[in-house]
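Student: I want to learn to read the features of a predicted model. Could we take them one at a time?

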Amino acid sequence: MSTSLLYHAFGVRGYQYIRTVYEAGRVRFAIRQPRKALRCSACGSRSLRPRGAVERLFRALPIGGRPVTIDFAVPRVGCSDCGAIRQVAVGFAEPRRSYTKAFERYALDLSRHMTIRAVAEHLGVSWDVIKDIQRRDLQRRFARPKLGHLRRIAIDEIAVGKRRRFLTVVLDLGSGAVVFVGEGKGSDPLEPFWWRLRRTKAKVEAVAIDMSPAYRRAVAEHLPGATVVFDRFHVVKLFNERLSDLRPSLHRQATAEKKAVLKGSRWLLLKNPENLDAQRDEAARLAEALRLNRPLAVAYFLKEDLRRFWGQPGKAMADRFLEGWIGRARASGVAMLGKMADTLEGHRDGLLAYYDHRISTGQLEGTNNKIKTLSRQAYGFRDREFFKLKLLAIHEARYALVG
Ligand SMILES: [Zn+2]
């Protein structure tokens, strides 16, 4: 070991190596700081009187599997210029941390591939130490996302954890980054976001939201110039929910034979036809369920038909298509379809706006899956702030999305 190796391998610079002690599977390096390198940590003066020292141990990079500590008697000095009496600043560690900056960087590198627990075990420190290292790193880089560049955003709520508590998330559709996380659902959690957005003078052009009145009102109030897009993902989701409601009501009226067929058809109805599993005969089972139930069949085919709305060559064609669809739905005589026709008619502008801004919260759904993975982890609700920071960093996927 040498002073030079101390610097190059352990990131400890400007200190002298004194000795190495091997003790109970650990390696301890003792170092000292040359007198002439001492500075007052308050004013930077070199005019100092010694006032003893404070023995401290810092965790450093391991050697092989061996934990390494750096023993350093941090000099205490009295300053002749400013009168302060205190420990000199330690260059290789953050204030009040018992590990070196190099140790911290190494833990962050490992965190890209390993769980917090695995990193902690590998480095022989507690889970909390690694979590704290991650938390401070996330805090530094993601706690205050920049909003000034936002042009197209999506707003959505997500249910998190076993108790299905809601978070409201704002996604930058340009970068895919989560730029805001609020507690709860509806428009209230968005208030801090609007406040921050206003101060940046961002020119948001388009917002993808579901058809709930709460978001509609909030966007109209805070982004009056932005185009609202009721996006495809939410329209299909709403349709599927109503389709699922339709099935049990038909079920109650059905004969025993029909019941047997209808049983288990729910997932088939919700699947896109191209995803039906041939090996499990899903297409045939679906066809049989539809044959026995005219309303269900009509609803199903109109649902499939509606998907074509998002594949039209332009806005005028899409407008005509929507008009036609609404007419077909009303003519079907199926109450659920009539209701859906009313909903779509009431949101016509926002639906057609897709042809001005081809955006969708579907992008947020991809992020949603990552969020679900995150929320299954133990720390999901033990530390809400940590969880929110992880959400704000989710597009970077810099940490292993496990344990
Ligand atoms: Zn001083």
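**Salt bridges and burial**

Student: Is Asp305 buried or exposed?

Tutor: Asp305 counts as buried, because its relative accessibility is 13%. Buried means under 20% relative accessible area, exposed means over 50%, and partly exposed lies in between (1.4 Å probe, protein chains only). Some ground rules: this is a predicted model, where local features need pLDDT of at least 70 and side-chain atom pairs count only at pLDDT 80 or more, while totals for chains, interfaces and linings use all residues. Residues are numbered from 1 along each chain as its sequence is written, and side-chain values use heavy atoms, leaving out hydrogens and water.

Student: Which side chain does Asp305 meet in a salt bridge?

Tutor: The general idea comes before the case. Side chains of opposite charge can pair when their charged atoms come close. The rule here asks for a side-chain nitrogen of Lys or Arg within 4 Å of a carboxyl oxygen of Asp or Glu. Asp305 meets Arg308, with 2.5 Å from N to O. Arg308 is partly exposed, at 49% relative accessibility.

Student: How many salt bridges does the rule give?

Tutor: The count is 20. One of them joins Arg348 to Glu323, with their closest N and O atoms 2.9 Å apart. Helices (H or I, at least four residues) and strands (E, at least two) are DSSP runs, numbered from the N terminus. Check burial too. Arg348 is buried, at 18% relative accessible area, and Glu323 is partly exposed, at 49%.

Student: Where are Asp342 and Arg330, which also meet in a salt bridge?

Tutor: Their N-to-O distance is 2.8 Å. Asp342 sits in helix H13 (residues 335-346) and Arg330 in helix H12, 12 residues apart, so the pair links distant parts of the chain. Both ends are partly exposed: Asp342 at 45% relative accessibility and Arg330 at 40%.

Student: Which residues are linked in a network of salt bridges?

Tutor: Arg97, Glu104, Asp132, Arg135 and Arg136. Asp132 and Arg136 are among the buried residues of H4. Helix H4 runs over residues 127-142, which is 16 residues. From first C-alpha to last, H4 reaches 22 Å, close to the 22 Å expected at 1.5 Å a residue. The expected span is 1.5 Å times one less than the number of residues.

**Rings**

Student: How many aromatic pairs are there?

Tutor: The structure holds 14. Phe180 and Phe193 have ring centres 5.5 Å apart and planes at 45°, so their pair is tilted. Phe180 is in strand S8 (residues 178-183) and Phe193 in helix H5 (residues 191-200), 13 residues apart, and the pair links distant parts of the chain. Both residues are buried. As for the rule, rings of Phe, Tyr and Trp (its six-membered ring) pair if their centres lie within 6.5 Å; planes under 30 degrees apart are stacked, over 60 edge-to-face, and the rest tilted.

Student: What kind of aromatic pair do Phe309 and Tyr355 form?

Tutor: An edge-to-face one, at 6.0 Å centre to centre with 85° between the planes. Phe309 lies in the loop between helix H11 (294-306) and helix H12 (315-331), Tyr355 in the loop between helix H14 (348-352) and helix H15 (362-375), and the two are 46 residues apart. Both are buried, with Tyr355 at 11% relative accessibility. Tyr355 also lies 8.4 Å from Trp310, C-alpha to C-alpha, although they are 45 residues apart in sequence.

Student: Which rings link into a cluster?

Tutor: Those of Tyr15, Phe58, Phe72 and Phe92.

Student: Which ring has the charged end of Lys185 over it?

Tutor: The ring of Phe166, with the charge 4.2 Å from its centre. The test is NZ of Lys or CZ of Arg within 6 Å of the ring centre and within 35 degrees of the ring normal. Lys131 lies over the face of Phe386, at 5.2 Å from the ring centre.

**The metal**

Student: Which residues coordinate the zinc ion?

Tutor: Cys40, Cys43, Cys79 and Cys82, each through SG, at 2.3 Å. Donors are N, O and S atoms within 2.8 Å of the metal (3.2 Å for Na, K and Ca); water is not among the atoms, so sites may look incomplete. Along the chain the donors follow the spacing C-x2-C-x35-C-x2-C. Cys40 is buried, at 5% relative accessible area, whereas Cys43 is partly exposed, at 41%.

Student: What geometry does the site of the zinc ion have?

Tutor: Ideal angles for four tetrahedral donors are 109.5 degrees. Here the angles among the 4 donor atoms run from 106 to 114°, and the site is tetrahedral.

Key: Tetrahedral: all angles 85-135°; square planar, octahedral: opposite > 155°, others 65-115°.
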